[in-house]
Amino acid sequence: GVLAGLVVVTAIYLGVQFAARGLLGPDLASHTQAPLADALAVVLGSPGRTLMLLAAVIWVSAFVGQVP
């Protein structure tokens with residue numbers, strides 16, 4: 001139930017953080033605007049950064065108007 005969901009979300013969050021830390025290393029703290037996009041840019045170059053930013057815009061726009 002709820003506990004399983006919490007465990008899954010926590011595991012995903014930690015996985016993303018460890019991946020970003022592994023890709024950007026100590027420079028992670030200096031990437032304040034879009035650290036996950038910068039991490040993906042390390043792997044896929046500029047198109048990877050653009051893809052991550054576009055995905056973030058789509059995800060956020062899906063929730064616009066749903067918050068009372």
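The model discussed here is predicted.

Me: What makes the chain one with an average pLDDT of 90, and which helix has the lowest mean?
Reply: The chain averages a pLDDT of 90, with 96% of the residues scoring at least 70. Among its elements, the lowest mean pLDDT (90) belongs to helix 3 (residues 46-63), and the highest (95) to helix 1 (residues 2-24).

Me: Why is the contact between Asp-38 and Arg-49 called a salt bridge?
Reply: The distance between the side chains, N to O, is 3.0 Å. The rule asks for a side-chain nitrogen of Lys or Arg within 4 Å of a carboxyl oxygen of Asp or Glu, so the pair qualifies. The count by this rule is one salt bridge.

Me: What makes the pair a link between distant parts of the chain?
Reply: Asp-38 lies in helix 2 (residues 35-44) and Arg-49 in helix 3, 11 residues apart.

Me: Why is Asp-38 called buried?
Reply: Its relative accessibility is 15%. Buried means under 20%, so Asp-38 counts as buried.

Me: Why does Arg-49 count as partly exposed?
Reply: Arg-49 has a relative accessibility of 30%. Because this falls between the limits of 20% and 50%, Arg-49 is partly exposed.

Me: Which residues of helix 2 are buried, and what covers them?
Reply: The buried residues of helix 2 are Ala-37, Asp-38 and Ala-39. Their cover includes helix 1 and helix 3.

Notes
Residues numbered from 1 in each chain as written. Predicted model: local features only at pLDDT ≥ 70, side-chain atom pairs only at ≥ 80, totals over all residues. Heavy atoms only, no water. pLDDT = per-residue confidence, 0-100. Helix = DSSP H or I, 4+ residues; strand = E, 2+ residues; numbered from the N terminus. Buried < 20%, exposed > 50% of the residue type's maximum accessible area, 1.4 Å probe, protein only. Contact = heavy atoms within 4.5 Å.
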